[in-house]
Number of protein chains: 2
Amino acid sequence: MSGSATYADWIAVDWGTTHLRAWAIGADGMIRAEAVSAKGMGGLARDKFEPALLDLVEDWLGAGPTPVLACGMVGAKQGWQEAPYMRIPAKPAEMMPMRATAVNDARLSLSIVPGLSQANPPDVMRGEETQIAGFLARETSFDGILCLPGTHTKWVHLSAGEVVSFQTCMTGEMFDLLSNHSVLRHSVAGEALNADSFADAVSDTLSRPERLAQRLFSIRADATLNGTGAAVARARLSGALIGAELAATRPYWLGQQIVVAGAPALADLYARALATQGTTARAMDAASLTLAGLARIRMTQKEPSPT
Amino acid sequence: MSGSATYADWIAVDWGTTHLRAWAIGADGMIRAEAVSAKGMGGLARDKFEPALLDLVEDWLGAGPTPVLACGMVGAKQGWQEAPYMRIPAKPAEMMPMRATAVNDARLSLSIVPGLSQANPPDVMRGEETQIAGFLARETSFDGILCLPGTHTKWVHLSAGEVVSFQTCMTGEMFDLLSNHSVLRHSVAGEALNADSFADAVSDTLSRPERLAQRLFSIRADATLNGTGAAVARARLSGALIGAELAATRPYWLGQQIVVAGAPALADLYARALATQGTTARAMDAASLTLAGLARIRMTQKEPSPT
């Protein structure tokens, strides 16, 4: 994607566990170039972060130092340099101080966005704070619940531009482990998801959440005994896990204004799950939220504090 | 273990997904020899079962065909030959017909014990029916609940020598996946388990089972923010999952006579979990139940039905 001489006014970087994505932003605020690589934080030793970044962005660098603003797991303890969590309540776009990070190449001036933490119940996020900043840049007066479904789904209570509280459910990771690595894998292969079975499983789990542990193996047993198809079995697994998540997050969504921002199919699934409880949620494609958040944070940030 | 000429009156075989264990039994009913291998059903193509068995038992075979009675996943659809489930209610030691299995070596006469199935709610077991037969051979008048904890824990209601109903919870598999393959693996390493944290997590989960999805990531967040040790974090994970299992199986254990038969440390853990609810369970080492069950089934079995 890079290659021609495209000087960036600054560079936005979304650096998660399994991916690295960078954007060259012009002085006019427009995207000049974009590049991605599979060099996520999870596979990099500390001294490999700068080379991985330069591989992507070197062609965008002029003579003077170019500001680079990065968010995500790059700032975790096991990342390039730890950017300690900010304690909530906090305004995500005003999360000072950014963490200035020592680099070898003088053409880079790197800052890492800190994650957010909550004392009680203990919870953390890293990366989603930037999506929240992007969301709030668009919907400045939003008061309600933002749900960010994914590997670790975040339920975030926003009020007056602040994160008031949040809760993480590892539903996506559970679904991945159970559907690919447990005995259930034999029964839930494929991508198809039966809509009625999904809605039934969500409703059943919400009305009897204490039965979750029994529901899971039943999916396999029913497939074995009765030849239940994979689209039904997969819907039951997904519905049971999302149902369990809704049972645990009821205080977040009951009677609240809700936006679900995620990959479209997943955001739709959460909206349908909430609909079984008579709750209407607005689904939103989260694809551009991280970049919008980085731009918003860059606008409001002060000078990086010295390392 | 084999090697010298030890002729068996018959051979007992416990053949699970990951292990193969065989015993040479003399005409007096005593164990003459024992052998184990890692050639579990999960890693064998259909034509590799007989060689794997012969590797273990060949030295025990005389001229005439020696009866071999096998239980476990060897009888699954993906096993050596499917031994269709018997529908409950059923008496495990009288589970006729055994499945006679065609073999190439005329010195073997193989029968496979069928598993048990339940229509509603759908459930299946394969291997545990033999442990149940072994348990009932010892405790002929037992009326109550037998819990067999493991990868897929079985809760079994026994009355008048019959399996009346049962329920499977995949708690062991969930614990394995979450403790070794999820983000929680960073927080729960090692084998130590804090007893108080375990009891607290069981009780908390039983009083608020709908919060399970929230508890799991909290374990990680608390370790990240507050440096909670692995023995506490591991106890919280184990307690949350076993607590969720007890929530789902409450009709099985509330006010019942209960025996937990498993590996001693695991049986003890379940007994401690039940004790938090004021329920006393008798823990029993399950090590010898499968062989006792195979012996009991052999005593009561009729001639194998033709294939």
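Before the sheets, a definition: two strands are said to pair if DSSP finds at least two bridges between them. Helices (H or I, at least four residues) and strands (E, at least two) are DSSP runs, numbered from the N terminus. What you see is a predicted model, in which local features need pLDDT of at least 70 and side-chain atom pairs count only at pLDDT 80 or more, while totals for chains, interfaces and linings use all residues. Residues are numbered from 1 along each chain as its sequence is written, chains are lettered from A and ligands numbered from 1 in the order in which they are written, and side-chain values use heavy atoms, with hydrogens and water left out.

I begin with a sheet in chain A. Its three strands form an open sheet in the order β5-β8-β9 (chain A), and the pairing is mixed. The edges are held by β5 (86–87) and β9 of chain A; each has a single partner strand, so one side of each is left without a neighbour in the sheet. β5(A) and β8(A) run parallel and are joined by two bridges. Within that pairing, Arg87(A) has Ser117(A) in β8(A) as its bridge partner.

Chain A also contains an open sheet of five strands, ordered β12-β11-β10-β13-β14 (chain A), again with mixed pairing. Here β12 (162–169) and β14 (281–285) of chain A are the edge strands, each with a single partner, so one side of each lacks a neighbour in the sheet. On average, neighbouring strands of this sheet are turned by 20° against each other, direction ignored. In chain A, β10 (residues 144–148) and β11 (residues 153–159) pair in the antiparallel sense over five bridges. Gly144(A), for instance, has Leu158(A) in β11(A) as its bridge partner.

What lies across these strands from the other chain? Helix α5 (residues 212–226) of chain B lies across β11 and β12 of chain A, at about 100° to β12(A). α5(B) also lies across β8 and β9 of chain A, running at about 85° to β9(A). Such angles run from 0 to 180 degrees between N-to-C directions, with axes fitted to C-alpha atoms, for helices over the stretch in contact.

That brings me to the interface, where contact means heavy atoms within 4.5 Å. By that rule, 41 residues of chain A are in contact with 41 residues of chain B. About 3300 Å² is buried between the two chains, 72% of it on carbon and sulfur atoms; buried area is the accessible area (1.4 Å probe) that two parts lose on being put together, summed over both. In chain A, Met170(A), Phe217(A) and Leu225(A) lose the most area to chain B, together 19% of what that side buries.

How many salt bridges does the rule find across the interface of chain A and chain B? It finds zero, a salt bridge being a side-chain nitrogen of Lys or Arg within 4 Å of a carboxyl oxygen of Asp or Glu. α5(A) gives the most to the side of chain A that touches chain B, with twelve residues.

Finally, 100% of the interface residues of chain A are also interface residues in chain B, so the copies meet through the same surface.
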